[in-house]
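Hello,

Here is the structure I promised to hand over.

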Amino acid sequence: MSRSSKQHRATKETTVDVALEIDGTGAASASTGIPFFDHMLEQLGKHGGFDLTIGATGDLEIDLHHTVEDVGIVLGTALKEALGDKAGVRRFASNAVPLDEALVEVALDLSGRPFLVYEVEPVAEWIGTFDPQLAEEFWRGFAFAAGITLHLRSRSGRNGHHVIEASFKGVARALRDAVKIEGRGVPSTKGTL
């Protein structure tokens, strides 16, 4: 059974298309009009082992916020659909990922209960056209649409690029572990996630 999803969302502010194959090869491409964000989304697919294609257009002339947040929402929706009832998944995962001077800890639960704890403080300098504050908006949209509990904490780092990239790689690796099939039933005493 293929754990995949294709999602399309169009609003007055953005149009977002996502194709996700959880049990992929790590082939990832993103085109959002925001080069640094595209690079981060490709990290998510590559290090998660997912086949991931993301295309988005948005009102970038106003702000990047709508596009970044909406991509998170649509990607989270795709993950939720691709996982289905989550039967057999490992469910929990955590790690610490370094990138040079940066170290980010990630813990997540495919719980069905959306929650975000985001304690990542990159430097305030923009990365190309990308405002580092938007990373939190992406993760919030993603976690709530996917129905997962997600914790990200920066333990060290001065370079905003490094801190944000470590967070994307950390979430990718945690997702890769959490979605692994290692049993048959739904991993919950409730019988559902």
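**What I found**

Arg153 is partly exposed, because its relative accessible area is 24% (buried means under 20%, exposed over 50%, partly exposed in between, with a 1.4 Å probe and protein chains only). Before going on, some ground rules: this is a predicted model, where local features need pLDDT of at least 70 and side-chain atom pairs count only at pLDDT 80 or more, while totals for chains, interfaces and linings use all residues. Residues are numbered from 1 along each chain as its sequence is written, and side-chain values use heavy atoms, with hydrogens and water left out.

**Salt bridges**

Arg153 forms a salt bridge with Glu119, with 3.0 Å between the closest N and O atoms. The term means a side-chain nitrogen of Lys or Arg within 4 Å of a carboxyl oxygen of Asp or Glu. By this rule the count comes to ten salt bridges. Glu119 sits in strand 7 (residues 115-119) and Arg153 in strand 8 (residues 149-156), so the pair links distant parts of the chain, 34 residues apart. Helices (H or I, at least four residues) and strands (E, at least two) are DSSP runs, numbered from the N terminus. Glu119 has a relative accessible area of 41%, so Glu119 is partly exposed too.

Another pair is Asp23 with Arg3. Their closest N and O atoms are 2.7 Å apart. This pair also links distant parts of the chain, 20 residues apart. Asp23 is in the loop between strand 2 (14-21) and strand 3 (28-31). Arg3 is in the segment before strand 1 (4-10). Arg3 counts as buried, because its value is 9%.

Arg140 and Glu136 form a salt bridge as well, at 3.0 Å from N to O. Both lie in helix 3, four residues apart, about one turn of the helix. Arg140 is partly exposed at 33%. Glu136 is partly exposed at 25%. Salt bridges that share partners join Glu136, Glu137 and Arg140 into one network.

**Helix packing**

Two packed helices are described by the angle between their axes and the distance between the axes. Axes are lines fitted to C-alpha atoms, for helices over the stretch in contact, and angles run from 0 to 180 degrees between N-to-C directions.

Start with helix 2 (residues 65-83) and helix 3. They pack at an angle of about 30°, with their axes 7 Å apart. They are therefore roughly parallel to each other (angles under 35 degrees count as roughly parallel, over 145 as roughly antiparallel, 65 to 115 as roughly perpendicular and the rest as oblique). Contact means heavy atoms within 4.5 Å. The contact residues divide into ten nonpolar, five polar and three charged. Here Ala, Val, Leu, Ile, Met, Phe, Trp, Tyr, Cys and Pro count as nonpolar, Asp, Glu, Lys and Arg as charged, and the others, Gly among them, as polar.

Next come helix 3 (residues 134-146) and helix 4 (residues 160-178). Their axes come within 11 Å and cross at roughly 20°. They are therefore roughly parallel. Helix 3 passes helix 4 in a right-handed crossing. Ala135, Phe138, Trp139 and Phe142 in helix 3 meet Ile164, Ser167, Phe168, Val171 and Leu175 in helix 4. That contact has eight nonpolar residues, one polar and no charged.

Helix 1 (residues 35-48) also packs on helix 4, at about 30° and with the axes 7 Å apart. This pair is therefore roughly parallel. The crossing is right-handed. Among the residues in contact are Phe36, Met40 and Leu44 of helix 1, and Ile164, Phe168 and Ala172 of helix 4. The tally is nine nonpolar, five polar and five charged.

**Two buried residues**

Thr67 is in helix 2. Thr67 counts as buried, because its relative accessibility is 0%. Leaving aside neighbours within four places in sequence, Thr67 contacts Thr14, Thr32, Ile34, Ala56, Gly58, Asp59 and Leu60.

Ala30 lies in strand 3. Ala30 counts as buried at 13%. Not counting residues up to four places away in sequence, Ala30 touches Asp38, Leu41, Glu42 and Ile54.

Best wishes

Definitions and conventions
A crossing is left-handed if the near helix is turned anticlockwise from the far one by less than a right angle, and right-handed if clockwise.
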